[in-house]
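Morning, everyone. I have a few minutes and one structure to walk you through. Please have a look at it while I talk.

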Amino acid sequence: AWKKFQPKEFATPEEFESEVVRHVETTLARSMFNCDETAAYAATSLALRDRLIMEWNQTQQRHTFADNKRIYYLSLEFLMGRALDNAMLNVGKKEVAKEGLLDLGFRIEDIISQEHDAALGNGGLGRLAACFLDSMASLNYPAWGYGLRYRYGIFKQEIVDGYQVEVPDYWLDFNPWEFPRHDIVVDIQFFGHVRKYEDDDGKPISVWEGGEIVKAVAYDVPIPGFKTATTNNLRLWSSKAASGEFDFQKFNSGDYESAVAETQRAETISAVLYPNDNLERGKELRLKQQYFWVAASLYDIVRRFKKSKRPWNEFPDQVAIQLNDTHPTLAIVELQRILIDLEKLEWDEAWSIVTKTFGYTNHTVLPEALEKWSVPLMQNLLPRHLLIIYEINLYFLQSVERKFPKDRDLLGRVSIIEESQPKMVRMAFLAIVGSHKVNGVAELHSDLIKSTIFKDFVKVFGPDKFTNVTNGITPRRWLHQANPRLSELIASKTGGLGYLKDLNILNELEKYADDKEFKKEWAEIKYANKVRLAKHIKETTGVTVNPAALFDIQVKRIHEYKRQQMNIFGVIHRYLTIKAMTPEEKKKLAPRVSIFGGKAAPGYWMAKTIIHLINSVGAVVNNDKDVGDLLKVIFVEDYNVSKAEIIVPASDISEHISTAGTEASGTSNMKFVLNGGLIIGTCDGANIEITREIGESNIFLFGNLAEEVEDLRHTHNYGEHIIDPALLQVFAEIRKNTFGDAESFTALVSAIEDHGDYYLVSDDFNSYIQTQALVDEAYKNQDEWITKTILSVARMGFFSSDRCINEYAESIWNTEPLNPEEDK
Ligand code: 26W
């Protein structure tokens, strides 16, 4: 018997320091005399992860021993951001590390900022997955994340002459947070054909033969919970050629090129994250990614289940698989294939296991984002799966026909196969049919999917299959880590950091909403956060902004439905208003900084044009002597998670102004309010529930409602389409080449004037401008403004992703936490 290895407790800064030194001098093989910030980051991370590994192993042992139901969260995206700060805070060792590093001559912030973001996601969906991992670990759920280990995450955005330029994000040079598991390798099959025969009992058998094999190698990332011994696992799959380095036979026969090409082709599968958000393009490589990841994950899940030697009918009691949008829908088909082809279960028994196992979350109603795969493409790549899909569809349509024998149209509408040219597999329909629960991500959104895109399925399955789980965010990263001073102030008034585990405790802040001393500190913290952002803006853009000005922020993916174009048109309107003001009038106006940030999908020309317009307006406004401090327009380059941690705490007002009915939830809205910023927004997504929680008087709502959108669009197309006069003035100014060659912005103007204004920018513009004027007025009364922000923060408890995860656990997964002996 061996003595168990005891990781360092880091009880004192000296102990931490000595571990950092040990890693610099041994693991990194460097001398402390030339230890720069990069090396200090590496050694600090390595010291900390030694500790994580132990808790991670113990967590896995505990889970194996208890053998409870596990949650598997399948997501093509995990937008994790940086890990070091989060790990230090979650294990409660940041103070010790800070002291230890200071003693070595380093400031902890400088060390933290050395880390490259893990940017394996596009936006909301990927960041939600990351918040869920944090909550599941912090609440002690036995949970796994499964994803792809992209070599290139979301591209890095550079702004050159006002235009977006994409630069590859190679992030794996040094990543101490992942552990390659070269012993966990799964063979994944593609292409080939299906051979059918009858066995001795006359039972039809299908065998998937031929094609090619690619290897999936597991890389594990520890996910530490906040103040708990639970450290869960995120398993990311990396693709590798099956024949090793390269094909030696081909190599020896002189065909060197194709020998290497095979390796390349295999490794391409996990090479790059698709940078489209809310746009489906049907590329074969994307389907390969999806199957590769799903098949490897299911192999792993099934293998783990089989170790328990339980009968198959207990599978749904041991395994809950949540599908993060339709991207992993092939998992439904793959599990059915494993059960009938490999485990030889009867179809019905297998299908009952499958549907009890899966839950499907929808994250968008935009038609262009709904996944469809062409039948010929799937036939070629996954011949056996296509046959199973047809069979699932057959049995499903038969059941629909039995239930609604007179409704022939219904069958065509709900069919998993769209009878187009070519035929298409509708992945959302497959996900609904193969799951026991379908949920939307905010109340309005969950209602909308029931009354629009999935209407017929409510009729077929009944309303109980559909439910809502309103999104949430982790207060650990989005308050405690991003805004440490605010967190400290809150802790000092609510009895410590307990509020981070039970966010409803924030309610206790209500009694300080009129407390002079408290408000002063509150306002000072906001100001300091604005100074921090102003410094970042100065360093990255060269523009000086006044931290006393109203910071108006819109950061998110650039998309027409999110209406950054309306924001920048509003900025132009403000600019024209200022230019026409007398000096007296100018004195009465609250100075504003309009801050934008976000990436455009590389092929999304309209979104790129919006970025160009923002930068062009900035170039003019920021250098106009008539305007001075009254208005500045900033585009923050390369918006990502670590930038969000600087930007979110610095906002006075943030913009969530999507056309009503288009933004499924939004989650940055929650982050901004939790950090003491107010919102200007439409009645869309989670804005509605935020209003319900914080009170109507603490939010600036405007614009048409979701139920009005359809009629308005109809009027644009078939009736009179009158453009708002203030907006026409803005267009006239653009046409005067005030912001550079007007031709470059024609598409933006013409989308509204000539192409039906699908996103209702003109319809909402007047209401938007007026509401912005209300914001100006409200900001002048700082005392009331601060009270509003305190009351809002106090009422944000509902939006913790902990609440959200507990709802999933109760209403979809039917699981409970597995608490370790003692929580720290
Ligand atoms: C196939 C291309 C593609 C890629 C990503 C289609 C759709 C997506 C995502 C589902 C888009 C997305 O990120 N949706 C966002 O999900 C967030 C988390 O639920 C919501 O808060 C956002 O409102 C929603 O836009």
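This is a predicted model: local features need pLDDT of at least 70, side-chain atom pairs count only at pLDDT 80 or more; totals for chains, interfaces and linings use all residues.

I will start at the ligand, then go through salt bridges, a helix, and some backbone details.

How many residues surround the ligand? The count is 21. The closest are His363, Asn471, Glu663, Ser665 and Gly666. Sort the shell by class and you get seven nonpolar, nine polar and five charged residues. Which helix gives the most to that shell? That is helix H6, residues 124-138, with three residues.

Now the polar atoms around the ligand. Glutamate 663 has a polar side-chain atom 2.7 Å from an oxygen atom of the ligand. A polar backbone atom of leucine 125 is 3.1 Å from a ligand oxygen. For alanine 664, a polar backbone atom is 3.3 Å from an oxygen atom of the ligand. How much of the ligand does the protein cover? On its own, the ligand has 570 Å² of accessible area, and the protein covers 97% of that.

Where does the ligand sit relative to the domains? Domain 2 is 67-82 plus 117-469, and domain 3 is 527-787. Both give residues to the shell, so the ligand lies between them.

Next, salt bridges. The count comes to 55. I will pick out a few.

Take arginine 149 and glutamate 178. Their side chains meet in a salt bridge, 2.8 Å from N to O. Arginine 149 is in the loop between strands S4 and S5, and glutamate 178 is in the loop between strands S6 and S7, so the pair ties together parts that are 29 residues apart in sequence. Are these two buried or exposed? Buried means under 20% relative accessible area. Arginine 149 has 12%, so it counts as buried. Glutamate 178 has 11%, so it is buried as well.

Aspartate 652 is buried, at 4% relative accessibility. Lysine 530 is buried too, at 3%.

Lysine 520 is partly exposed, with 49% relative accessible area. Glutamate 524 is partly exposed as well, at 39%.

There is also a network of salt bridges. It links Arg181, Asp220, Arg235, Asp300, Arg303 and Arg304.

Now a polar contact. The side chain of threonine 228 meets the side chain of asparagine 140 at 2.5 Å. Threonine 228 is in the loop between strand S10 and strand S11. Its relative accessible area is 1%, so threonine 228 is buried.

On to helix H27, residues 687-694. Which residues of H27 are buried? They are Asn687, Glu689, Ile690, Thr691 and Ile694. After H27 comes glycine 695, with a positive phi near 100°.

That brings me to the backbone. Most residues other than glycine have a negative phi, and most peptide bonds are trans. Here are some exceptions.

Phenylalanine 10 is not a glycine, yet its phi is positive, about 55°. Phenylalanine 10 lies in the segment before helix H1. At 1% relative accessibility, phenylalanine 10 is buried.

Aspartate 638 also has a positive phi of about 55°, and is not a glycine. You will find aspartate 638 in the loop between strand S21 and H25. Aspartate 638 is buried, at 7%.

Which residues does a cis peptide bond join? Glutamine 421 and proline 422, with omega about 0°. Proline 422 sits in the loop between strand S15 and strand S16.

Last stop: glutamate 510, in the loop between helix H20 and H21. Glutamate 510 is partly exposed, at 29% relative accessible area.

Conventions. Residues are numbered from 1 along each chain as its sequence is written. Side-chain values use heavy atoms; hydrogens and water are left out. Buried means under 20% relative accessible area, exposed over 50%, partly exposed in between (1.4 Å probe, protein chains only). Helices (H or I, at least four residues) and strands (E, at least two) are DSSP runs, numbered from the N terminus. A residue is near a molecule or strand if one of its heavy atoms lies within 4 Å of it. A polar contact is a pair of N or O atoms within 3.5 Å; within protein, one must be able to donate a hydrogen and the other to accept it, and residues adjacent in sequence count only if both atoms are side-chain atoms. Accessible areas come from the Shrake-Rupley method with a 1.4 Å probe; for residues, only the protein chains shown count as cover. Ala, Val, Leu, Ile, Met, Phe, Trp, Tyr, Cys and Pro count as nonpolar, Asp, Glu, Lys and Arg as charged, and the others, Gly among them, as polar. Domain bounds come from an automatic or database domain assignment. A salt bridge is a side-chain nitrogen of Lys or Arg within 4 Å of a carboxyl oxygen of Asp or Glu.
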